[in-house]
Amino acid sequence: MADKDNQQEHDVELRIEEDRTRLLVCGLGLLAFVFATLFAAVCAYALADVTGNIALLLVVVVAITAVWFISKRMGRLLGKYAAHIGVCDFGASELTIYEKADVTKAVVVPYKQIKGYSIVRQGSSLRLLLWGEWVTHPAGYEYVGITRPFMKDTLDDLEGQIEECMARHHVKKHK
């Protein structure tokens, strides 16, 4: 198993890393928000018990539902931070996209199956859009977000490196 991991390390032409500061700051911010929402739910429940106002129980239900969804997002961010998982790897013959913190659930696409790509720069992020028959999203393209608010100065070089790598593998730029 170690040989396979070592071989994959040598086959990677370009590795796009996450902005680890963003992962940590957003993850801890969401953790604080989860605690604040849980505190609000407990307070609403106690107030509903004291006043007899049943409408406050709706606040509890909405708060618990919000905690569920916020916790899922927080888990993804902190999981990617702890596992040191990047955004994607441009290998010698395929592109590997890491959508989740689990490396085994990565999307692996051979360059031959990518019909075209486009890079959209928007503030402190690059949006890599990929077209091909393998895409299952109803929009018709796969979206890979490269968000780097704490590493904005690296985006220009990164955009050039992505374009060079795609050109090397004969993937055309989509217009």
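The legends below describe a predicted model, in which local features need pLDDT of at least 70 and side-chain atom pairs count only at pLDDT 80 or more, whereas totals for chains, interfaces and linings use all residues. Residues are numbered from 1 along each chain as its sequence is written, and side-chain values use heavy atoms, with hydrogens and water left out.

**View 1. Confidence along the protein chain.**
The pLDDT is the predictor's confidence in each residue, on a scale from 0 to 100. Its mean over the protein chain is 89, and 94% of the residues reach 70 or more. Helices (H or I, at least four residues) and strands (E, at least two) are DSSP runs, numbered from the N terminus. Confidence is lowest in helix H1 (residues 2–11), with a mean of 51, and highest in helix H2 (residues 20–51), with a mean of 96. Over residues 1–7 the pLDDT is below 50, and this stretch has zero contacts in the model beyond near neighbours in sequence. A contact here means heavy atoms within 4.5 Å.

The expected span of a helix is 1.5 Å times one less than its number of residues. For the 32 residues of H2 this gives 46 Å, and the end C-alpha atoms are 46 Å apart, which agrees. A residue is called buried under 20% relative accessible area, exposed over 50%, and partly exposed in between (1.4 Å probe, protein chains only). The buried residues of H2 are Arg22, Leu23, Gly27, Val34, Thr37, Ala41, Ala44 and Ala48. These buried residues pack against helix H3 (55–83) and E7. An α-helix has 3.6 residues a turn, so residues three or four places apart point the same way.

**View 3**
Three strands form an open sheet in the order E5-E6-E7, and their pairing is antiparallel. Strands E5 (114–122) and E7 (141–147) stand at the edges with a single partner strand each, so one side of each has no neighbour in the sheet. On average, neighbouring strands of this sheet are turned by 20° against each other, direction ignored. Two strands count as paired if DSSP finds at least two bridges between them. Strand E6 (residues 125–132) is joined to E7 by seven bridges, and the two run antiparallel. Within this view, Arg127 has Gly145 in E7 as its bridge partner. Helix H4 (residues 155–168) lies across E5, E6 and E7, and runs at about 170° to E5. For such angles, axes are lines fitted to C-alpha atoms, for helices over the stretch in contact, and angles run from 0 to 180 degrees between N-to-C directions.

**View 2. Met166 in helix H4.**
Met166 lies in helix H4. With a relative accessible area of 0%, Met166 is buried. Apart from neighbours within four places in sequence, Met166 is in contact with Phe90, Tyr111, Tyr117, Leu130 and Val171. The C-alpha atoms of Met166 and Leu95 are separated by 9.9 Å, although these residues are 71 residues apart along the chain.

**View 3. The salt bridge between Glu13 and Arg168.**
A salt bridge is a side-chain nitrogen of Lys or Arg within 4 Å of a carboxyl oxygen of Asp or Glu. The structure holds seven salt bridges. One of them joins Glu13 to Arg168, with the closest N and O atoms 3.3 Å apart. Glu13 belongs to strand E1 (residues 12–16) and Arg168 to helix H4, so the pair ties together parts that are 155 residues apart in sequence. Glu13 is partly exposed, at 36% relative accessible area, and Arg168 is also partly exposed, at 47%.

**View 4. The salt-bridge network of Arg15, Glu17 and Asp89.**
Salt bridges link Arg15, Glu17 and Asp89 in a network. The closest N and O atoms are 4.0 Å apart in the salt bridge of Arg15 with Glu17. In the salt bridge of Asp89 with Arg15, the corresponding separation is 3.0 Å. Asp89 lies in strand E2 (residues 88–91) and Arg15 in strand E1, so this pair ties together parts that are 74 residues apart in sequence. Asp89 is buried, with a relative accessible area of 6%, whereas Arg15 is partly exposed, at 32%. Glu17 counts as partly exposed, at 33% relative accessibility.

**View 5. Thr96 in strand E3.**
Thr96 is found in strand E3 (residues 94–97). At 13% relative accessibility, Thr96 counts as buried. Not counting residues up to four places away in sequence, Thr96 touches Val87, Cys88, Asp89, Ala106, Val107 and Val108.
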